[in-house]
Amino acid sequence: MKYKAKKALNNGVVLAQNEKGKECILIGKGLGFNLKENTIINDKEVLFQTFVLNEQTKNFSELIKSIDERIIPIVEEEIMYIQEDMNKSLNENIHVSLIDHIAFAIDRYNKGLEFINPFNLDIRIIFAKEYMYAQRIIKRINDTFNVKLIEDETGIVAIHIHSALNNNDVAVDRKKVILIQETMNMICEEFNIEVREESLSYQRLLVHVHYAYERILQNKKIENNMMEYVFEHYSEYCQKLRNVLKKIEVSYDIEICDAEISYLVLHLIRVLGEE
């Protein structure tokens, strides 16, 4: 495959066009050094990673007209790192959505606008791997642009990465995080649980709530062979939790089965044992 160079974004990232006329992002060591527009790049001569922007070509072209182009190579190099580290492709939408979000975050910072992400703690726990990648990106952005994007921004970047890894819609994943945190807040209030990040049991409960909603929202059922035992020996906990989750069911038009409730009760007992 041969590519026609359109623009070198830095020494290692080039915006190009392939033989089919598709816009591409090429990444390779020294690939953009002294590169001139319309130079033909042969993938047999230069080793690099290629991202073809199929559906996002128009959006990407419009985006780069309105942002600081230094954002692009940072994001693209980190996308490449994530894909190599996870051995998994990311949905192409991230090339636009994440660059756009970071550009907006920098602009918001420079204007002195406060940003608060109340879900950051939960995101850091349930999307731990994605959060680590997000921290790398935020650090590079802060160093390059001499800004101090706060930790709360990291969680939003982590959601973008999680969505791209799983071919999900970012808006849907953000709503799911809100659903998870609302559930956790109600459980903690009902059972007088202090939210402590260092509590392993709390983390396990949070992660289980996350996976429970993954199943519920995909209409997947689970079996719990301890369900009868749990309902018999921890009936008070089960009833309290049912009352909490009933409010969630009504608010979000979902159904939470007894098997999920019994699993949650088991994790609740562990958390309460630490209090």
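**Exercise 1. Determine how helices α3 and α6 are oriented to each other, and which residues make their contact.**

*Solution.* Begin with the geometry of this predicted model. The axes of α3 (residues 94-110) and α6 (residues 151-165) come within 10 Å and cross at roughly 175°. Axes are lines fitted to C-alpha atoms, for helices over the stretch in contact; angles run from 0 to 180 degrees between N-to-C directions. Over 145 degrees counts as roughly antiparallel. The two helices are therefore roughly antiparallel.

Next, the contact (heavy atoms within 4.5 Å). α3 supplies Ile94, Ser97, Leu98, His101, Ala105 and Arg108. α6 supplies Glu153, Ile156, Val157, His160, Ile161 and Ala164. By class, there are seven nonpolar, three polar and two charged residues. Here Ala, Val, Leu, Ile, Met, Phe, Trp, Tyr, Cys and Pro count as nonpolar, Asp, Glu, Lys and Arg as charged, and the others, Gly among them, as polar.

Conventions: residues are numbered from 1 along each chain as its sequence is written. Local features need pLDDT of at least 70, and side-chain atom pairs count only at pLDDT 80 or more, while totals for chains, interfaces and linings use all residues.

**Exercise 2. Compare the span of α5 with its expected value, then list its buried residues and what covers them.**

*Solution.* Helix α5 covers residues 128-145, 18 residues in total. From first C-alpha to last it reaches 26 Å, close to the 26 Å expected at 1.5 Å a residue. The expected span is 1.5 Å times one less than the number of residues.

Now burial (under 20% relative accessible area, 1.4 Å probe, protein chains only). Buried are Glu130, Tyr131, Tyr133, Ala134, Ile137, Ile138, Ile141, Asn142 and Phe145. Their cover includes α2 (71-86), α3, α4 (120-126) and α6. Just after α5, Asn146 takes a positive phi of about 55°.

How values were computed. Heavy atoms only, no water. Helix = DSSP H or I, 4+ residues; strand = E, 2+ residues; numbered from the N terminus. Parallel < 35°, antiparallel > 145°, perpendicular 65-115°, else oblique. Buried < 20%, exposed > 50% of the residue type's maximum accessible area, 1.4 Å probe, protein only.
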